[in-house]
Every structure is written in C-alpha cells, then in structure tokens.
Amino acid sequence: MLSQIISLLEKRPMNAREICDALGIEGDKEREIYEMLKKAAKVLKHKGKTLMMQPPRCKKCGFEFENMKASKCPECRSEWIEPARFFIK
Ligand SMILES: [Zn+2]
C-alpha cells in the first residue's frame with residue numbers, strides 16, 4: 001500500500017480523501033492514510049526525494065494550519081477547511 005500511495009503522489013498532488021478513494025479505502029480510514037504518509041516520507045527520503053505538504057487552509061479567512069490534519073479554524077471558527085495536499089518533490 002505504501003508504494004501505491006507513493007506512485008499516486010508521483011503523478012499528482014492529492015489529499016488524504018483522494019488517496020482513500022484512489023485506493024478503494026473507506027473514508028473513515030483517513031487517519032491511517034496520515035500514518036502511511038509519515039512512513040512514505042521516510043521511504044522517499046532514502047531515495048533522495050521529499051514528501052511535501054501543502055498545509056490545510058481555512059476557506060473562509062485563509063488561515064494556514066501547521067498540522068496535516070485540521071478540523072476547525074482557530075481564527076474564525078469555521079469548519080470549512082481545504083484539506084492538506086501531498087506531493088513528491
Ligand atoms: Zn478561518
């Protein structure tokens with residue numbers, strides 16, 4: 001599964017939800033995807049590549065989160081969040 005995630009991200013940036021869909025994993029397993037991404041980052045590092053993250057962003061006020069996962073904006077309390085996207089560089 002790890003290598004599948006890596007080959008998906010080599011093609012285009014994706015968020016955890018899109019990775020779930022592409023791999024046919026149920027949406028509630030998103031947390032596992034985040035764990036996988038951490039492992040993928042290590043694997044890629046050995047290959048001299050980097051897993052990059054475009055952080056989650058509040059669609060209402062533009063606040064950028066530092067963590068991979070975000071559910072509520074600390075600035076404006078909005079739950080309208082653009083999820084983190086991952087790509088390989
Ligand atoms: Zn906000």
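1. Two residues are taken to be in contact if their C-beta atoms, placed from the backbone, lie within 7 Å. The contacts described below refer to a predicted model.

2. The model contains an open sheet of 3 strands in the order 1-5-2, with antiparallel pairing. Strand 1 (14–15) and strand 2 (51–54) stand at the edges; each has a single partner strand, so one side of each lacks a neighbour in the sheet.

3. The pairing of strand 1 with strand 5 (residues 85–88) is antiparallel and comprises 2 bridges. Within this pairing, asparagine 15 has arginine 85 of strand 5 as its bridge partner. Helix 1 (residues 2–11) packs on the sheet, where it touches strand 1 and strand 5, and its direction makes about 90° with that of strand 5.

4. Helix 3 (residues 30–46) also belongs in this account: it lies across strand 2 and strand 5. Relative to strand 2, helix 3 runs at about 135°.

5. Two packed helices are described by the angle between their axes and the distance between the axes. For helix 1 and helix 3, the packing angle is about 75° and the axes are 10 Å apart. Helix 1 is therefore roughly perpendicular to helix 3, given that angles of 65 to 115 degrees are assigned to that class.

6. On the helix 1 side of this contact are Leu2, Ile5 and Ile6, which meet Met36, Lys39, Ala40, Val43 and Leu44 in helix 3. By residue class, the contact of helix 1 with helix 3 consists of 7 nonpolar residues, no polar residues and 1 charged residue.

How values were computed: Residues are numbered from 1 along each chain as its sequence is written. This is a predicted model: local features need pLDDT of at least 70, side-chain atom pairs count only at pLDDT 80 or more; totals for chains, interfaces and linings use all residues. Two strands pair if DSSP finds at least two bridges between them. Helices (H or I, at least four residues) and strands (E, at least two) are DSSP runs, numbered from the N terminus. Axes are lines fitted to C-alpha atoms, for helices over the stretch in contact, and angles run from 0 to 180 degrees between N-to-C directions. Angles under 35 degrees count as roughly parallel, over 145 as roughly antiparallel, 65 to 115 as roughly perpendicular and the rest as oblique. Ala, Val, Leu, Ile, Met, Phe, Trp, Tyr, Cys and Pro count as nonpolar, Asp, Glu, Lys and Arg as charged, and the others, Gly among them, as polar.
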